[in-house]
Amino acid sequence: MSNDQFGSRPILAASDVLSVEQERRLRTLTHVLYGLYALSLLSGVSAVVAVIINYVKRRDASGTLYASHFSWQICTFWWSLGLGALSLLFQGIFLGKLILWGTVLWVAYRIIRGWLHLNDRKPI
């Protein structure tokens, strides 16, 4: 893969085209990652595992529709972590609970929306 003259967007070379098997593996992995993020609504540890896998496999997804899903998942993780920390700051008052429940609903929305786009083989 090379970059254009401005270095802003990767350009796929003929050797970078995904085989059917590579595409299937990325699709399966992305489904598994959405599952781990969904599981994180019950146990946050699975989100840590998922985001590590996102970062490790991000290069494999580069230039594919799965790259947008990886970015979506990574963004969801970091924003939810920040919002979760914010809810802890206000845990003694109602605002903390409101932020926490808002975060849970927002994460659920992002998981559902991303998973539906993945199911339709569309980038997010």
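In which helix is the place of S46? The legends below take up this residue and its surroundings, after an overview of the model.

**Figure 1. Overview of the predicted model, a protein of four helices and two strands.** From the N terminus on, the elements follow the order β-β-α-α-α-α. The protein has 124 residues, of which 29% count as buried. Among the contacts with a separation of 6 or more, 59% are made by residues 24 or more positions apart. The accessible surface amounts to about 8,100 Å², and carbon and sulfur atoms hold 67% of this area.

Figure 2. The place of S46 is in helix α2, which spans residues 45–61. With a relative accessible area of 8%, S46 is buried, because buried means under 20% relative accessible area. When residues up to four places away in sequence are not counted, S46 touches L36, L39 and S40.

**Figure 3. Close-up of A47 and its surroundings.** A47 lies in helix α2 and is buried, its relative accessible area being 8%. Leaving aside neighbours within four places in sequence, the residues in contact with A47 are L36, Y37, S40 and F77. The C-alpha atoms of A47 and Q73 are 9.4 Å apart in space, although 26 residues separate the two in sequence. A second pair across the chain is formed by A47 and L81, which are 34 residues apart along the chain and whose C-alpha atoms are separated by 9.9 Å. L81 has its place in helix α3 and, at 45% relative accessibility, counts as partly exposed, whereas A47 is buried.

**Figure 4. Close-up of the packing of α2 with α3.** The axes of α2 and α3 are 10 Å apart, and the two helices pack at an angle of about 150°. That angle makes α2 roughly antiparallel to α3, because angles over 145 degrees count as such. The crossing of α2 and α3 is left-handed. On the side of α2 the contact is made by A47, V48, V51, N54, Y55, K57, R58 and A61, and on the side of α3 by Y66, A67, F70, S71, Q73, I74, F77 and W78. Sorted by class, the contact of α2 with α3 has eleven nonpolar, three polar and two charged residues.

**Figure 5. Close-up of the packing of α1 with α3.** By class, the contact of α1 with α3 comprises ten nonpolar, three polar and two charged residues.

**Figure 6. Close-up of the packing of α1 with α4.** The axes of α1 and α4 are 10 Å apart, and the helices pack at an angle of about 165°. This leaves α1 and α4 roughly antiparallel to each other, with a left-handed crossing. The residues of α1 that make the contact are R27, T30, H31, Y34, G35, Y37 and A38, and those of α4 are R110, I111, G114, W115, L118 and N119. By class, the contact of α1 with α4 has six nonpolar, five polar and two charged residues.

Figure 7. R121 is found in the segment after α4 (94–119). The phi of R121 is near 60°, a positive value in a residue other than glycine. Most residues other than glycine have a negative phi. At 46% relative accessibility, R121 counts as partly exposed.

Conventions:
Residues numbered from 1 in each chain as written. Predicted model: local features only at pLDDT ≥ 70, side-chain atom pairs only at ≥ 80, totals over all residues. Heavy atoms only, no water. Buried < 20%, exposed > 50% of the residue type's maximum accessible area, 1.4 Å probe, protein only. Contact = heavy atoms within 4.5 Å. Areas by Shrake-Rupley, 256 points an atom, 1.4 Å probe, with all protein chains shown as cover. Nonpolar A, V, L, I, M, F, W, Y, C, P; charged D, E, K, R; others polar. Axes fitted to C-alpha atoms, helices over the stretch in contact; angles between N-to-C directions. Parallel < 35°, antiparallel > 145°, perpendicular 65-115°, else oblique. Left-handed = near helix turned anticlockwise from the far one by under 90°.
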